[in-house]
Amino acid sequence: MATLVGGITTSHVPAIGRAIARNLQADPYFKPFFDGFPPVHDWLAAVKPDVAVVLYNDHGLNFFLDKMPTFAVGAAPEYRNADEGWGIPVLPPFPGEQALSWHLIESLIGEDFDLTTCQEMLVDHAFTLPMALLWPGSDAWPVKVVPVCINTVQFPLPSARRCWQLGQAIGRAIQSWDADKRVVVVGTGGLSHQLDGERAGFINKDFDLKFMDSLVNDPTWATKYSITDLVELTGTQGVELLMWLAARGALGGAVRKVHTNYHIPISNTAAGLMVLENAV
Ligand code: DHB
Ligand code: FE
């Protein structure tokens with residue numbers, strides 16, 4: 001059976017892509033953010049995943065307002081990026097792990113999740129930047145991928161409770177995959193931020209730190225909040241923390257915190273990072 005090696009949760013912000021393209025990792029503005037990643041690289045070198053299941057939210061590249069699945073799972077041989085008009089280099093295609101895609105799809109639909117299955121799928125900055133941060137400078141990605149997209153763009157959004165349940169079901173599916181492979185779960189988005197409207201620039205450090213702590217000590221804590229509560233507490237785009245919650249759900253029982261980083265701001269975003277491993 002496959003081994004679930006642990007989970008990584010991180011923010012995604014287009015400005016990071018520009019910083020990578022211009023080699024600004026040591027720039028004083030970006031350094032506190034990029035300095036969070038070497039311990040993650042060490043951890044990845046130790047746990048050696050073959051596959052990454054990446055929970056992210058598309059922002060209008062692959063899905064637009066005309067067609068917006070609540071949950072979508074990629075089942076493509078590869079996933080291409082487009083620069084979304086930012087003018088930064090397009091990353092090499094990401095090879096798909098189709099056997100796990102189909103196992104996940106069968107298993108999740110078997111558990112009554114109504115998914116959209118995507119045999120073609122473009123991936124945006126929410127997928128590509130975390131990959132570039134986790135495996136920097138890759139000409140050929142060292143892991144195959146399964147993208148799982150959660151709608152956090154067009155209301156109504158799935159509840160925190162439902163995203164937690166989805167994550168738990170993803171964890172069960174990974175652990176029942178009959179393959180001698182090592183799998184890491186990655187959740188991207190958040191933490192608190194609001195890009196537009198009267199509260200543009202809104203950040204809630206107290207809530208973010210409480211949320212990060214809850215993923216270790218009380219993982220269903222955030223499921224008590226409605227989506228409107230979460231928007232109020234974390235900003236309209238802060239709801240992207242749903243991907244962190246789903247990734248944590250995939251790990252199941254007790255976890256150990258391997259590494260965390262938190263830095264305000266990158267662009268308009270409170271940037272968080274965590275690495276979690278199962279405690280046993
Ligand atoms: C920013 C944050 C995001 O999550 C995103 O998808 C786009 C932009 C920002 O802070 O600029
Ligand atoms: Fe985003």
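Predicted model: local features only at pLDDT ≥ 70, side-chain atom pairs only at ≥ 80, totals over all residues.
Residues are numbered from 1 along each chain as its sequence is written, and ligands are numbered from 1 in the order in which they are written. Local features need pLDDT of at least 70 and side-chain atom pairs count only at pLDDT 80 or more, while totals for chains, interfaces and linings use all residues, and side-chain values use heavy atoms, with hydrogens and water left out.

Ligand 1 has around it, with a heavy atom within 4 Å, a set of residues including H12, H59, H125, H193, E240 and N268. Polar side-chain atoms approach oxygen atoms of ligand 1 at 2.7 Å from H59, at 2.8 Å from H193 and at 3.1 Å from E240. Of the 300 Å² of accessible area that ligand 1 has on its own, the protein covers 90% (areas by the Shrake-Rupley method with a 1.4 Å probe).

Strand β4 (residues 78–81) runs parallel to β7 and is joined to β7 by two bridges, and R80 stands opposite L122 in β7.

Finally, F64 lies in the loop between β2 (51–56) and β3 (71–74), and F64 counts as exposed because its relative accessibility is 52%, the cut-off being over 50% with a 1.4 Å probe and protein chains only.

Definitions and conventions
Helix = DSSP H or I, 4+ residues; strand = E, 2+ residues; numbered from the N terminus. Buried < 20%, exposed > 50% of the residue type's maximum accessible area, 1.4 Å probe, protein only. Pairing = 2+ DSSP bridges. Polar contact = N/O pair within 3.5 Å; in protein donor to acceptor, adjacent residues only side chain to side chain.
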